[in-house]
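Welcome! Take a look at the structure below, and then let us walk through a few of its features together.

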Amino acid sequence: MTTSVNPIDSPRTTSSEGAPRANVRLEHVTKKFDDVAAVDDLNLDIDEGEFFSLLGPSGCGKTTTLRMVGGFEEPTSGKIMLGGRDVTYMAPYHRDINTVFQSYALFPHLDVFDNIAFGLHRKKVAKAEIRQRVGRILEIVDLPGFEKRRVNQLSGGQQQRIALARALVNEPTLLLLDEPMSALDAKLRHQMQIELKSIQSRVGITFLYVTHDQEEAMTMSDRLVVMRHGKIEGIGSPKDVYDSPSTEFVATFLGASNLLAGEVASRDGELTSILLTTGSTLFVPTSRLPVDLKGKAVKVGVRPEKISIAPVGATVASNRNSLRGRVRVSTFTGVGNQYLVEMPSGTDITVYAQNIGEELAPRSGEEVLLSWPVEHTFAVTPMESGSDSEELEI
Amino acid sequence: MDQPLPTDHPGSVDHKRRLTALRKRLPPYLLSLPAGLWLLLLFIVPLLIMLSITLKTCSPASGVCVMTWNWGELPHVVNLYHPQFITSLVFAAIATVIDLVISFPIAYWIAFYGGRKKNFFLIMLLVPFFVSFIIRTLVWEFILSNNGIVLTFLKHNHLAPSNFHVLGTGLAVIAGLAYNYLPFTALPLYVALERIDRRVLNAAYDLYANRRAAFMRVILPLTIPGIFAAFLLTFIPAFGDYVNQEILGGTSNTMIGTVIQNLFLIDSDYAGGASLSVVLLIISLLGIWLYARLLGSRTIEEYL
């Protein structure tokens with residue numbers, strides 16, 4: 001295995017802001033377990049210094065992808081490049097990558113100092129420097145003076161920080177994080193998300209983060225991919241993926257979506273009109289039609305928080321889509337009201353209205369008019385039904 | 001408070017409450033009664049009898065023991081039989097080390113590479129030990145005898161001199177001990193290796209440890225309680241063993257177990273036999289105490 005990095009071999013992404021070096025690159029990576037593809041022909045470019053998340057339900061292949069990048073699993077085919085260097089079949093201890101494991105995997109027989117210093121000892125770093133670096137990283141993770149503690153005396157949150165420190169202290173080019181928050185309670189998790197993001201921007205290391213928690217992924221990531229059945233369903237910044245989901249799966253997995261079945265009726269330049277199965281017509285920006293649109297069948301979507309709720313007689317601006325319905329359930333959630341509005345066809349539309357103390361909340365049984373801006377409407381290709389239930393059960 | 005004084009006649013509220021409380025507290029004690037009785041009658045009482053015999057003076061002819069508070073028997077037997085103690089110590093230690101060396105790779109392999117057949121391999125390891133202890137040792141006598149397959153083969157191929165023999169030497173005893181107590185070493189080692197979290201091992205690889213460093217820095221330190229447990233479980237019974245010495249060892253290199261047996265059954269020196277047994281017990285307890293001090297008493301519960 002050659003250790004020199006040939007600049008000509010280094011793959012470069014052609015991003016609009018300059019040309020950052022692709023820190024991690026997956027080319028046609030496939031991993032099969034007993035003929036079942038856990039990861040299926042995956043292509044991915046992760047930029048240097050990026051906080052990148054792999055998001056998906058259990059069994060979508062995100063952890064397998066991470067394990068292949070870390071060197072704990074070999075791809076069946078394809079190539080993994082790290083900083084321009086092919087590391088596909090390199091042993092994990094030769095890779096300039098460190099991992100924060102799901103269960104932290106701290107060494108139970110070592111104290112905090114020896115846990116953190118483990119990698120530095122293996123790299124034969126001088127003792128004085130090890131002491132100094134461990135001290136500094138403990139300050140970064142906000143646990144100064146914890147050197148002599150035993151790991152089983154630490155709380156879950158502290159163990160998580162030590163696991164992070166143990167990986168970061170080696171200053172890897174890439175840090176892998178395998179659902180590191182899954183053992184923490186909700187409040188601590190939220191706090192750690194913010195902290196992790198701030199640590200990442202301070203140290204500038206590329207983070208590859210695996211999670212099934214969509215809120216976690218959106219809070220921290222610069223970019224994320226939504227995976228399903230070992231393939232990428234959507235990729236981009238959290239805002240892009242959330243606002244313009246590329247598939248029905250992304251629309252329902254990442255946040256909540258109201259999806260209404262319909263057919264493309266006519267295209268009129270910037271706007272495409274879609275005739276719903278219920279008979280109503282909605283408009284979608286033509287640019288937001290699915291790229292893989294085959295035939296006419298589509299599902300029109302809108303996020304619950306984009307919808308305004310008004311009395312039946314209200315006037316609706318021309319740049320808004322509107323539908324009539326009857327409030328079936330109205331729930332007060334503190335930060336807002338959640339309504340389930342029944343369409344004449346029987347399907348429910350979910351609406352979130354923020355609790356800003358102004359509007360009069362419509363009661364159950366009231367007829368209402370729902371409306372939302374056309375530009376917040378998206379369309380996706382309908383998913384083959386029944387293909388997803390089993391993987392969510394795992 | 002001006003409540004009426006509690007009345008305690010049957011049927012009163014207070015009486016009923018006490019009965020319920022008693023009923024709730026009683027079951028654990030009732031459930032532990034059989035085991036407690038068993039321990040008391042078959043362990044504590046014999047132990048006390050043995051301890052009392054060390055202070056008695058027994059007539060070798062009639063076998064009758066009279067309490068004479070003779071505290072001299074303990075130092076006397078230690079003085080008299082310390083060479084046999086040392087022989088037992090050396091034999092048991094060598095056998096234990098041999099067992100550790102042999103069973104570590106086996107246990108390691110089963111724990112890490114046994115896959116779904118782990119239990120099958122463990123049973124394969126134990127199958128020979130379903131046969132009676134005595135018969136197994138007699139088979140070793142057969143194997144190691146001068147006309148047995150091993151020596152016949154060696155001598156036939158001129159790999160050993162024609163007057164070479166194993167049976168009746170310390171070597172045969174050590175071989176027998178090592179063979180008979182192997183599972184006592186292999187099983188605790190297996191348990192210790194099996195419970196090592198594979199993710200911790202992955203973490204070691206992740207932190208630049210190659211296979212050797214991961215073994216030395218992670219696997220071995222995490223196996224130490226198991227190694228110590230294996231050592232105790234093998235060493236203590238091997239130390240007091242007399243069957244291997246009886247069958248394989250001949251007349252030389254007498255071990256302390258044989259001495260105890262002879263004192264009881266041949267010489268009818270019950271006080272001497274009991275005293276030696278107590279010394280043996282003290283040495284064993286010292287080992288367990290050392291284990292608890294070094295590795296904590298919780299690991300004893302887990303491994304022994």
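This is a predicted model: local features need pLDDT of at least 70, side-chain atom pairs count only at pLDDT 80 or more; totals for chains, interfaces and linings use all residues.

**Domains**
- Chain A is split into domain 1, covering 22-243, and domain 2, covering 259-380.
- The C-alpha centres of these two domains of chain A are 39 Å apart.
- Chain B also has a domain 1, at 13-53, and a domain 2, at 72-303.
- In chain B, 36 Å lie between the C-alpha centres of domain 1 and domain 2.

**Where chain A meets chain B**
- Contacts link 15 residues of chain A with 15 residues of chain B.
- On the chain A side, β6 (97-100) and α2 (112-122) are the elements that each give two or more residues.
- The largest share of that side, three residues, is supplied by α2(A).
- Sorted by class, the chain A side holds seven nonpolar, six polar and two charged residues.

**A closer look at strand β19 of chain A**
- In a regular strand, side chains alternate between the two faces of the sheet.
- Strand β19 (residues 367-373) of chain A has a covered face made of A:Val368, A:Leu370 and A:Trp372.
- Its uncovered face has A:Glu367, A:Leu369, A:Ser371 and A:Pro373.
- Strand β15 (residues 308-311) of chain A pairs with β19(A) in the antiparallel sense over four bridges, and A:Ile309 has A:Leu370 as its bridge partner.
- Strand β16 (residues 320-332) of chain A pairs with β19(A) in the antiparallel sense, over seven bridges, and A:Gly325 stands opposite A:Val368.

Technical notes:
Residues are numbered from 1 along each chain as its sequence is written. Chains are lettered from A and ligands numbered from 1 in the order in which they are written. Domain bounds come from an automatic or database domain assignment. Two residues are in contact if their C-beta atoms, placed from the backbone, lie within 7 Å. Ala, Val, Leu, Ile, Met, Phe, Trp, Tyr, Cys and Pro count as nonpolar, Asp, Glu, Lys and Arg as charged, and the others, Gly among them, as polar. A residue is buried if 20 or more other C-beta atoms lie within 10 Å of its own, exposed if 12 or fewer, and partly exposed in between; C-beta atoms are placed from the backbone. Two strands pair if DSSP finds at least two bridges between them.
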